[in-house]
Amino acid sequence: QVQLVESGGGLVQSGGSLRLSCAASGFSLDDYAIGWFRQAPGKEREGVSCISSGAGNTYYADSVKGRFTISRDNAKNTIYLQMNSLKPEDTAVYYCAAGRKCRAGDIGYDYWGQGTQVTLSS
């Protein structure tokens with residue numbers, strides 16, 4: 001019954017904004033860090049952001065610092081990724097993943113969502 005379900009992706013213009021959601025079930029955000037990853041065609045999956053359990057410390061890849069904001073609502077067991085000032089290079093499938101701690105890479109994350117497509121239009 002452990003699940004992560006992403007939503008909120010879609011087609012957006014460069015410079016626009018999008019808010020992704022990651023609904024978690026079957027476990028508590030009190031116990032897991034949640035990372036956002038993305039994968040563009042022909043490229044490796046890369047870490048985008050992460051929020052730790054407990055204090056909710058946040059981390060961002062250099063490529064998204066100042067533009068993306070990760071947050072969580074523990075009562076709703078939902079994590080958000082607010083994406084502003086979007087660029088064409090942000091086009092990718094975005095995944096959320098749960099692990100014991102935040103890591104830059106995807107190793108060590110126990111649960112993954114199905115992904116949601118974010119596409120920047122011309």
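Residues are numbered from 1 along each chain as its sequence is written, and side-chain values use heavy atoms, with hydrogens and water left out. Because the model is predicted, local features need pLDDT of at least 70 and side-chain atom pairs count only at pLDDT 80 or more, while totals for chains, interfaces and linings use all residues.

**View 1. An open sheet of 4 strands, with antiparallel pairing.**
Welcome to the sheet, where the strand order is β1-β3-β8-β7. Its edge strands, β1 (3-7) and β7 (68-73), each pair on one side only. Strands here are DSSP runs of E with at least two residues, numbered from the N terminus, and two strands pair if DSSP finds at least two bridges between them. On average, neighbouring strands of this sheet are turned by 15° against each other, direction ignored; the angles, on a scale from 0 to 180 degrees, are taken between N-to-C directions of lines fitted to C-alpha atoms. Look at β7 and β8 and you will find 6 bridges joining these antiparallel strands. Here T69 stands opposite Q82 in β8.

**View 2. The largest nonpolar core, with 28 residues.**
A nonpolar core is a set of buried Ala, Val, Leu, Ile, Met, Phe, Trp, Tyr and Cys residues joined through side-chain atoms within 4.5 Å. Buried means under 20% relative accessible area, exposed over 50%, and partly exposed in between, using a 1.4 Å probe and protein chains only. The residues with the most contacts inside this core are W36, L81, M83 and Y94. Two or more residues come from each of β3 (18-25), β4 (33-39), β5 (46-51), β7, β8, β9 and β11 (116-121). Apart from this core lies another one of 6 residues, including A33, C50, C102 and Y109.

**View 3. The structure has 2 disulfides.**
A disulfide is a pair of cysteine sulfur atoms within 2.5 Å. C22 and C96 form one, with their sulfur atoms 2.0 Å apart, and this link is right-handed, with 75° about the S-S bond. C22 lies in strand β3 and C96 in strand β9, so the pair ties together parts that are 74 residues apart in sequence. C22 is buried, at 0% relative accessible area, and C96 is buried at 0% too.
A disulfide also joins C50 to C102, S to S 2.0 Å. The torsion about its S-S bond is about -85°, so the disulfide of C50 and C102 is left-handed. With the bonded cysteines numbered in sequence order, the pairing is 1-3, 2-4.

**View 4. D90 in the loop between β8 (78-83) and β9 (92-99).**
Despite its place in a loop, D90 counts as buried because its relative accessibility is 0%. Its side chain meets that of R38 in a polar contact of 2.8 Å; such a contact is a pair of N or O atoms within 3.5 Å, where, within protein, one must be able to donate a hydrogen and the other to accept it, and residues adjacent in sequence count only if both atoms are side-chain atoms. Leaving out residues up to four places away in sequence, D90 touches R38, R67, F68, S85, V118 and L120, with contact meaning heavy atoms within 4.5 Å.

**View 5. S49 in strand β5.**
S49 is buried, with a relative accessible area of 6%. The side chain of S49 reaches the backbone oxygen of Y59 at 2.8 Å. Among the residues that S49 touches, not counting those up to four places away in sequence, are I34, W36, Y60 and L81.
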